[in-house]
Amino acid sequence: GVRISPPMNENPTTEHDPIAPHGGVLVDRTTPEGEREARLRDAEKLPALTLHTREISDLELIAVGAFSPLRGFMGRADYESVVARGRLADGLPWTIPVTLSATTDEAAKMAEGSDVALTHPDGFVMGLLHLREKFAWDREREADHVYRTRDRAHPAVAYMFGEMGDVLLGGDVTLLRATPPAFPAHARTPAQTRALFRERGWKRIVAFQTRNPVHRAHEYIQKCALEICDGLLLHPIVGFTKDDDIPAPVRMRCYEVLLENYYPADRVVLSTLPAAMRYGGPKEAIFHALVRKNYGCTHFIVGRDHAGVGTYYGTYDAQKMFDAYEPAELGITPLRFDNTFFCRRCGGMASLKTCSHPPTEHATLSGTKVRELLRAGQAPPPEFSRLEVANVLIDAMRAS
């Protein structure tokens, strides 16, 4: 787990930040403006590798420190350790392999110890890989240990078997040119969210991970968390998601109308996370928490089936996963929430932890039922969804 490259323009966080980044230093692998053109010209002469969608977002997130302490794509020691025991080679908790792959033919053109140009599918150079090692990997083993399944219907397993080459390339990266952010008004790096939290004087900041519109159940959980924290980072994933997930622009509009009408403006920050979903359930829940720690959060909401897909993971497996680590080594506090709903007898939002009434009193709707209502131009009941959010979704379905 030795990380050998020289620090570039790294910003040790100030002692005023409520929480240190994972590993202690916020990594910065971006290129100063003045050096960019010359480095891009040099990169044109190097062997090149075209990145997939997921690798593009990984590169950009490594570069801004969202994946601290990673300074590049994993080498063999870190990769093997993460797959086998959910830790980097030096023992630091880390649960999701962040890897760059190449075909055997591509890898043959690259020499360990030299640089490789990382290019966007549109042809322009995005960054450099300072190639330290090339190594073979075992897809089945990663599928078993990280995702708990070899089923190709699982998005991450499908990606491993369908998109990735047989050789992994390990080494630090340098980002030369980022892709334009999808939602510029809400795009912030970890250094920027940390600065914002400092400016607002927040000491306890809770993050909420989402890839869906926020319904009343989520709103209730977020507001419970806000009762014990100074601020909420609503941090939707806007990178690669499944085809049947609601498109990011529609979801962002849902968050905006909800925050405009139902949240105190000075206690919430809506900011995007341009990460790719792995749908890795429990392992991804830990990963999501560590990433939010890098963004400056002290607490992280873990609901039911966090980052799950299909029926691969138990409802509360993600919450249990946090017990596999010492709280101090994770350094971010999970807030574990039960399934929440509107209870007619209680007359308000509740969960199985707080409500004694039978399920017949609970206003719950399946995702399928909600989609049927929205398609028919009808808002779900107010106990389930705010009207403003329902209207955004109805408009989007009409337009599609």
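## The five-stranded sheet

In what order do the strands of the open, five-stranded sheet stand? The order is β9-β8-β7-β10-β11, and the pairing is parallel; two strands pair if DSSP finds at least two bridges between them. Strands β9 (268–270) and β11 (333–336) stand at the edges with a single partner strand each, so one side of each has no neighbour in the sheet. From one strand to the next, the twist averages 25°. Angles run from 0 to 180 degrees between N-to-C directions, and axes are lines fitted to C-alpha atoms, for helices over the stretch in contact. Helices (H or I, at least four residues) and strands (E, at least two) are DSSP runs, numbered from the N terminus.

Strand β7 (residues 205–210) pairs with strand β8 (residues 231–236) in the parallel sense over six bridges. Within this pair, threonine 210 stands opposite proline 236 in β8. Helix α8 (residues 216–228) packs on the sheet and touches β7, β8, β9, β10 (299–302) and β11; contact means heavy atoms within 4.5 Å. The direction of α8 makes about 145° with that of β8. Helix α10 (residues 281–294) lies across β7, β8 and β10, and runs at about 150° to β10.

## Basis and confidence of the model

The model is predicted: local features need pLDDT of at least 70, side-chain atom pairs count only at pLDDT 80 or more, and totals for chains, interfaces and linings use all residues. Residues are numbered from 1 along each chain as its sequence is written, and side-chain values use heavy atoms, with hydrogens and water left out.

The chain has a mean pLDDT of 93, and 96% of its residues reach 70 or more; pLDDT is the predictor's confidence in each residue, from 0 to 100. Over residues 1–10 the pLDDT is below 50, and this stretch has 28 contacts in the model beyond near neighbours in sequence. Where pLDDT is low, the predicted coordinates should not be read in detail.

Buried means under 20% relative accessible area, exposed over 50%, and partly exposed in between (1.4 Å probe, protein chains only). β12 pairs with strand β13 (residues 348–351) in the antiparallel sense over four bridges, and phenylalanine 341 stands opposite alanine 350 in β13. Four residues lie between the strands of this hairpin, in which glycine 347 takes a positive phi near 75°.

Strand β14 (residues 362–363) also pairs with β12 in the antiparallel sense, over two bridges. The bridge partner of phenylalanine 342 in β14 is alanine 363. Serine 356 is placed in the loop between β13 and β14, and counts as exposed because its relative accessibility is 67%.

The buried residues include Arg54, Glu55, Ile56 and Leu59. After α2 comes glycine 65, with a positive phi near 90°.

The axes of helix α3 (residues 76–85) and helix α5 (residues 139–147) come within 8 Å and cross at roughly 50°. The two helices are therefore oblique to each other; angles under 35 degrees count as roughly parallel, over 145 as roughly antiparallel, 65 to 115 as roughly perpendicular and the rest as oblique. Tyr79, Glu80, Val83 and Ala84 in α3 meet Arg141, Glu142, His145 and Val146 in α5.
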